Amino acid sequence: MSETIEEAAERIAAAGASPARPARDPVNRPAIRDWLAAIGDRNPVYERDGVAPPAMVQVWTMRGLRPDQEDELDPLRAMSAVLDDAGYGSVVATDCGQTYHRYLREGETVAVSSRLTAVAGPKRTALGEGWFVTTESTWSVDGEPVAEMRFRVLKYRPSATPATPKSEPIRPVIGPDTAFFWAGVEAGELRIQRCGECGNLRHPPGPACPRCGALKPEYAVASGAGRIHSFVVHHHPPLPGRRSPVVVALVDLDEGVRMVGELRGVRPGEVRIGAEVRADFADGLPVWRPAELVVLPPWELAVTPTVVISTALATRDFQDVHHDRDAAVRRGGKDIFLNILTTTGLVQRYVTDWAGPEATVRGVEIRLGAPCHPYDTLTFSGSARGGEVAVTGRTRTAEHVSGTVRLAP
């Protein structure tokens with residue numbers, strides 16, 4: 001009797017870390033230039049200082065189009081083979097966290113050692129039933145650890161019925177009493193209804209002043225500054241266009257009224273009553289952000305088939321779902337899609353474009369949501385507090401990636 005998936009997972013995990021496998025090539029400028037061109041990263045520090053972008057660390061030890069026999073010792077590949085035999089032949093990366101101790105220098109040969117840390121399943125997902133496989137890898141140069149990564153993939157059996165398309169974010173219902181408010185959101189203003197008779201400010205809007213009863217609605221533009229009066233952390237049911245958990249805060253505005261909105265840029269466990277916040281606007285809605293946050297300008301990337309394929313090749317990822325539309329559809333997708341190495345590189349580029357060429361990236365942690373296909377537009381937004389930058393990348397209909405980039409002090 002063949003071993004079960006759980007037995008195979010225990011066996012592979014018990015084997016511990018794999019022997020350090022050297023990269024096929026030393027860190028070299030042509031590969032760096034190809035990666036920079038595909039990602040669109042114009043940071044001059046890599047060429048000037050002869051170092052590789054930190055998000056390239058996994059690129060150097062990718063298996064290539066025709067893996068060597070010794071790659072059979074890789075725990076992710078061994079576990080994937082077990083799941084392939086069990087009928088879970090499709091794969092998609094779900095999240096990864098990378099830590100960089102230093103940037104790799106041209107001419108260095110990096111080696112990677114990996115171990116299996118978790119196999120969870122079977123799980124029902126939008127793609128179909130599958131197993132989540134987690135590994136931890138360490139990259140080293142001459143025995144010196146230079147980077148670590150926690151990496152998770154979903155090995156799944158495509159569902160016989162297509163997954164329900166993700167819902168778009170909730171849009172407001174606009175009526176005569178609220179049109180001024182939503183017009184303000186469109187214009188980047190937080191508007192509060194004001195009575196044209198007695199000057200009373202009120203929210204939510206209504207036809208008559210609750211103080212004097214006058215039917216003379218006007219509005220004032222709020223500063224957007226306030227303090228958290230109360231909040232809840234929403235976990236379930238799922239909200240259209242949102243990834244749980246979602247923090248919803250009731251805020252006392254400096255103008256004297258209270259207003260509800262999503263609180264972004266802070267982890268649920270870090271929210272505090274009385275904390276200062278300020279208004280921002282996202283997805284056609286007013287949202288709150290901690291007052292000390294710096295909001296990054298948005299960046300839009302038109303994702304073409306060339307972008308998807310060229311970035312996959314530049315990251316040395318020959319998985320067919322990133323190059324071959326027929327194979328992607330056969331494996332349960334609707335088209336080819338960006339690979340996780342590319343998304344990591346785009347997140348890094350977005351932050352270093354904002355922070356400047358002298359910024360040093362110490363870590364990138366991302367979680368993937370909806371796939372990003374050709375002919376979509378990927379819009380990045382972010383906020384920084386201290387040396388930590390929270391990043392979100394959305395397609396037209398759903399969130400593709402969320403994560404955090406850590407910068408050196």
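The lining of the largest cavity is made up of 10 nonpolar residues, no polar ones and 1 charged. Here Ala, Val, Leu, Ile, Met, Phe, Trp, Tyr, Cys and Pro count as nonpolar, Asp, Glu, Lys and Arg as charged, and the others, Gly among them, as polar. The residues around this cavity are Ala-52, Pro-53, Pro-54, Met-56, Val-57, Trp-60, Tyr-100, Arg-102, Tyr-103, Leu-104 and Ala-147. Its volume comes to about 60 Å³, and the whole structure holds 3 cavities of 30 Å³ or more. For the search, a 1 Å grid was laid over the protein atoms alone: a cavity is a set of points where a 1.4 Å probe fits but cannot get out, a pocket is an open set with protein on both sides within 12 Å along at least five of seven lines, and lining residues have an atom within 4 Å of a point. Points are joined across faces, edges and corners, and a volume is the space filled by probe spheres set on them.

All of this rests on a predicted model, in which local features need pLDDT of at least 70 and side-chain atom pairs pLDDT 80 or more, while totals for chains, interfaces and linings use all residues. Residues are numbered from 1 along each chain as its sequence is written, and side-chain values use heavy atoms, with hydrogens and water left out.

As for the overall build, the protein chain has 8 helices and 18 strands, taken as DSSP runs (H or I of at least four residues for helices, E of at least two for strands) numbered from the N terminus. The C-alpha trace spans about 85 × 55 × 40 Å along its principal axes. Of the 409 residues, 47% are buried, where buried means under 20% relative accessible area, exposed over 50% and partly exposed in between (1.4 Å probe, protein chains only). Among contacts with a separation of 6 or more, 66% come from residues 24 or more positions apart; a contact means heavy atoms within 4.5 Å.

Helix H5 (residues 179–187) has Phe-180, Phe-181, Trp-182, Gly-184 and Val-185 buried. Their cover includes strands E6 (191–195), E8 (217–221), E11 (258–263), E12 (276–282) and E13 (285–290). Just after H5, Gly-188 takes a positive phi of about 80°. H5 also turns up at the second largest pocket, where H5, E10 (246–253), E11 and E13 each supply at least two lining residues. This pocket has a volume of about 510 Å³. It is lined by 22 residues, of which Trp-182, Val-260, Gly-261, Leu-285 and Pro-286 are the closest to its centre. E11 gives the largest share of the lining, 4 residues, and the lining as a whole divides into 16 nonpolar, 3 polar and 3 charged.

Now for the aromatics: there are 6 aromatic pairs, counted when rings of Phe, Tyr and Trp (its six-membered ring) have centres within 6.5 Å, with planes under 30 degrees apart called stacked, over 60 edge-to-face and the rest tilted. One of them, Tyr-88 with Trp-131, is edge-to-face, at 6.4 Å centre to centre and 75° between the planes. That pair links distant parts of the chain, 43 residues apart: Tyr-88 is in the loop between H4 (75–85) and E2 (90–100), Trp-131 in E4 (128–141). Tyr-88 is buried at 7% relative accessible area, and Trp-131 is buried at 4%. Trp-299 and Tyr-350 instead form a stacked pair, 6.4 Å centre to centre with 15° between the planes. They sit 51 residues apart, Trp-299 in E14 (294–303) and Tyr-350 in H8 (340–355). Both are buried, and together with Phe-380 they form one aromatic cluster. Back at Tyr-88, the charged end of Arg-157 sits over the ring, 4.3 Å from its centre; the rule asks for NZ of Lys or CZ of Arg within 6 Å of the ring centre and within 35 degrees of the ring normal.

The His-203 to Pro-204 peptide bond is cis, with omega near 5°, and Pro-204 is in the loop between E7 (201–202) and E8. Asp-142, in the loop between E4 and E5 (144–158), has a positive phi near 50° and is exposed at 80%. Arg-316, in the loop between H6 and H7, has a positive phi near 60° but is buried at 14%.
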